[in-house]
Amino acid sequence: MKKLMSLVAVMLFTVGIFAQKVLVSDPAHSRIQFSVIHLTINDITGNFDKANLTINTDNKNFANSKIMFEVDPASINTHVEARDNHLKSADFFDVATYPKMVFTSTSIKRLKKNYYEVNGNLLMHGVTKPVKVTLIYRGSTVNQMNKKTTYGYQVYASLKRSDFEIGGKFPEAVISNMVRIKGDFELTEQ
């Protein structure tokens, strides 16, 4: 009986392993962009050149998957070197002290086909806060260059920079408190 139970346990564990995939983003085809309103009249956009998305997928029920974003704030790029350097300083991201931003999912809820609400914790600028993002599955295809199945995901969110103590010296009349986020990712199985 013990042997039978051990065999069943091993089979269940094996099935559980095969039902999981670890998808990692392709840096050449993935990025996180942001947008703020400057002087209450104009959107200023930029992106983080180094951003990774990892999804530990549950093939049977995507809502049981785990999602993690990792961003290097020193890779900020607004196409204006002086502004980028200022954003890296202690006035904003203080990248020397806080070299990483990390989002880790706590729950995933299907909204409609290929649309998910993802709740999680965002660590940014030394502050961890709950954040809600919308995740969209854009489909998959076989990449003809590397012959691997490539999965497309898009992420949308809005957050307040004041929640993370970023740019506190700059009022909303100069830079909006609300920051819009959009991430585009191509992922392959690890």
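Predicted model: local features only at pLDDT ≥ 70, side-chain atom pairs only at ≥ 80, totals over all residues.

Colleague: How many aromatic pairs does the structure hold?

Modeller: There are 8 aromatic pairs in the structure. One of them joins Phe 48 and Phe 93, whose centres are 5.8 Å apart with 90 degrees between the planes, an edge-to-face arrangement.

Colleague: Where in the chain are Phe 48 and Phe 93?

Modeller: Phe 48 belongs to strand S3 (residues 42-48), while Phe 93 is in the loop between helix H2 (81-88) and strand S7 (101-112). The pair links distant parts of the chain, 45 residues apart.

Colleague: Are Phe 48 and Phe 93 buried or exposed?

Modeller: Both Phe 48 and Phe 93 are buried.

Colleague: Now to Phe 69 and Phe 103: why is that pair tilted?

Modeller: The planes of Phe 69 and Phe 103 stand at 55 degrees, with the ring centres 5.3 Å apart, so the pair is tilted. Planes must be over 60 degrees apart to count as edge-to-face and under 30 to count as stacked.

Colleague: And which strands hold these two, Phe 69 and Phe 103?

Modeller: Phe 69 is in strand S5 (residues 66-71) and Phe 103 in strand S7, so the pair ties together parts 34 residues apart in sequence.

Colleague: Why does Phe 103 count as buried?

Modeller: Phe 103 counts as buried because its relative accessibility is 4%, and buried means under 20%. Phe 69 is buried with a relative accessible area of 6%.

Colleague: What sits over the ring of Tyr 115?

Modeller: That is the charged end of Lys 112, 4.7 Å from the centre of the Tyr 115 ring.

Note on methods. Residues numbered from 1 in each chain as written. Heavy atoms only, no water. Phe/Tyr/Trp six-rings, centres within 6.5 Å; stacked < 30°, edge-to-face > 60°. Helix = DSSP H or I, 4+ residues; strand = E, 2+ residues; numbered from the N terminus. Buried < 20%, exposed > 50% of the residue type's maximum accessible area, 1.4 Å probe, protein only. Lys NZ or Arg CZ within 6 Å of the ring centre and 35° of its normal.
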